[in-house]
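Subject: Structure for your review

Dear colleague,

Please find below the structure that I am handing over to you. My findings follow it.

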Amino acid sequence: MTGKKLALEVISRLKKEYPEAHCTLDYDKAWQLLVSVRLAAQCTDARVDIVTPQLYAKFPSIEALAEAPVEEIEEIVRPCGLGPSKARDISKCMKMLHYEYHDEVPDTMEELLKLPGVGRKSANLVLGDVFGKPAIVTDTHCIRLCNLIGLVDGIKEPAKVEKALWKIIPPEEGNDLCHRFVLHGRAVCIARRPKCGECCLKDICKYGKTV
């Protein structure tokens, strides 16, 4: 099976398994997704979703966060870990959005990457979920599953995985597929203890065929 055929089969099966593909972070506005994905670094989405309502209750807009003392942001986001650096990035990002983008989140990769604390993973998430543009979010689930399944071969660097996937995945499918990788990685293809016997991909998965 070629890489493109394998990718299409994976997409088809995961669509049946997880009809609803969605971001696992709670947000209402584009800037809130930027905040959440920064807080999610080395932290669970569940923890982030507990912390962000507290943050938005005190600072309910881009302008409010832009003008907030960094120390007050840090106090609220501390449970997510790496409080000082995350608070600084959020503060700088909101300042840039407020003063340079007039409280509007940009909709291009180039401009999103200019924002403090925003890398390709975060930018792709915003482009796909908020603006409906082609996107591939190479988070830990995506990278791990793609290597196990055989969509990529021993590639661990996010940018390289993203580049490889663009060659075999239809642009309109990338964003939802990455969300389904997260759902599948949590429910079945669990790190270090995958439930291969329950996996809808077992017969086409490079790893599944070996167990």
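Is Lys195 buried, partly exposed or exposed? Before the answer, please note that this is a predicted model. Lys195 has a relative accessible area of 35%. Since buried means under 20% and exposed over 50%, Lys195 is partly exposed.

Lys195 belongs to the segment that follows α11 (174–187). Once neighbours within four places in sequence are set aside, Lys195 contacts Ala187, Val188 and Ile190. Gly119 lies 76 residues from Lys195 along the chain, and 32 Å separates the C-alpha atoms of the two.

With a relative accessible area of 7%, Ser122 is buried, because buried means under 20%. Apart from neighbours within four places in sequence, Ser122 touches Val37 and Gly117.

I turn next to the nonpolar core. The largest one contains 71 residues, and the residues with the most contacts inside it are Met94, Leu97, Leu165 and Phe181. Helix α2 (residues 30–39) supplies the largest share of this core, namely 7 residues.

When neighbours within four places in sequence are left aside, its contacts are Val10, Leu14, His141, Cys142, Leu145, Cys146, Ile149 and Leu151. Phe181 also takes part in the contact of α11 with α1 and in that of α11 with α9.

The remaining findings concern helix packing. Two packed helices are described by the angle between their axes and the distance between those axes.

Helix α1 (residues 3–17) packs on α11 at an angle of about 60°, and the two axes are 10 Å apart. The arrangement of α1 and α11 is therefore oblique. The crossing in which α1 passes α11 is left-handed. Sorted by class, the contact of α1 with α11 comprises 5 nonpolar, 1 polar and 2 charged residues.

For helix α9 (residues 140–149) and α11, the packing angle is about 80° and the axes are 9 Å apart. These two helices, α9 and α11, are therefore roughly perpendicular to each other. From α9, the contact draws on His141, Cys142, Arg144, Leu145, Cys146 and Ile149; from α11, it draws on Cys178, Phe181, Val182, His184, Gly185 and Arg186. The residues of the contact between α9 and α11 comprise 7 nonpolar, 3 polar and 2 charged.

The contact of α5 with α6 is made up of 5 nonpolar, 2 polar and 2 charged residues.

With kind regards

Note on methods: Residues numbered from 1 in each chain as written. Predicted model: local features only at pLDDT ≥ 70, side-chain atom pairs only at ≥ 80, totals over all residues. Heavy atoms only, no water. Nonpolar A, V, L, I, M, F, W, Y, C, P; charged D, E, K, R; others polar. Core = buried A, V, L, I, M, F, W, Y, C linked by side-chain atoms within 4.5 Å. Buried < 20%, exposed > 50% of the residue type's maximum accessible area, 1.4 Å probe, protein only. Helix = DSSP H or I, 4+ residues; strand = E, 2+ residues; numbered from the N terminus. Contact = heavy atoms within 4.5 Å. Axes fitted to C-alpha atoms, helices over the stretch in contact; angles between N-to-C directions. Parallel < 35°, antiparallel > 145°, perpendicular 65-115°, else oblique. Left-handed = near helix turned anticlockwise from the far one by under 90°.
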